[in-house]
Amino acid sequence: LHQRDAAGPQQWRPRPSPSVGPRGRGARPAGPSMLWSDPTLVKERLKEIPSCVLPAADRLVVVGDVHGDADALARCLRIADLMDEEGRWCGGETHFVQLGDFLDRGDEEKRVWDMMMRLREEAQAV
């Protein structure tokens, strides 16, 4: 989400992440109103977002919030039959979608990134 900058509706910046403070965890910071509260601005901003249409998949696997845990990601992919014991893609034409944060914590962020990029290449080669 974005919020309007005090300079006017043409200036955009990312919304600050929620933090723990005097107003409590996840409380919206005081300041400019949210873009999403104005339907006209929402409509204009949505026109700027490129659309993406993928071909239909026989199987879709969705994993969320890996947070840099390479071992947990590998276990999920094995359970879903997307990765074999050697760490190679074995999901055929299955579409794998990763939602949420996959790098922002943990000590294995590079392993997670490398695994995701390698599996993407292997899956595209199918």
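Along its sequence, the protein runs β-β-α-β-α-β-α. That makes three helices and four strands, where helices (H or I, at least four residues) and strands (E, at least two) are DSSP runs numbered from the N terminus. This is a predicted model, in which local features need pLDDT of at least 70, side-chain atom pairs count only at pLDDT 80 or more, and totals for chains, interfaces and linings use all residues. Residues are numbered from 1 along each chain as its sequence is written, and side-chain values use heavy atoms, with hydrogens and water left out.

**Whole protein**
- Of the 126 residues, 24% are buried (under 20% relative accessible area, with exposed over 50% and partly exposed in between; 1.4 Å probe, protein chains only).
- Contacts are heavy atoms within 4.5 Å; among those between residues at least 6 apart in sequence, 58% join residues at least 24 apart.

**Helix H2**
- H2 spans residues 70-79, and its Ala70, Leu73, Ala74 and Leu77 are buried.
- These residues lie on the same side of H2, because they cover an arc of only 100° around the axis, taken from the directions from the helix axis to the C-beta atoms.
- The buried residues of H2 pack against strand E4 (95-99) and helix H3 (109-124).

**Threonine 94**
- Threonine 94 sits in the loop between H2 and E4 and is buried, at a relative accessible area of 11%.
- A polar atom of the threonine 94 side chain lies 2.7 Å from the backbone oxygen of glycine 91.
- Leaving aside residues up to four places away in sequence, threonine 94 touches Arg59, Leu60, Val61, Leu82 and Trp89.

Key. Polar contact = N/O pair within 3.5 Å; in protein donor to acceptor, adjacent residues only side chain to side chain.
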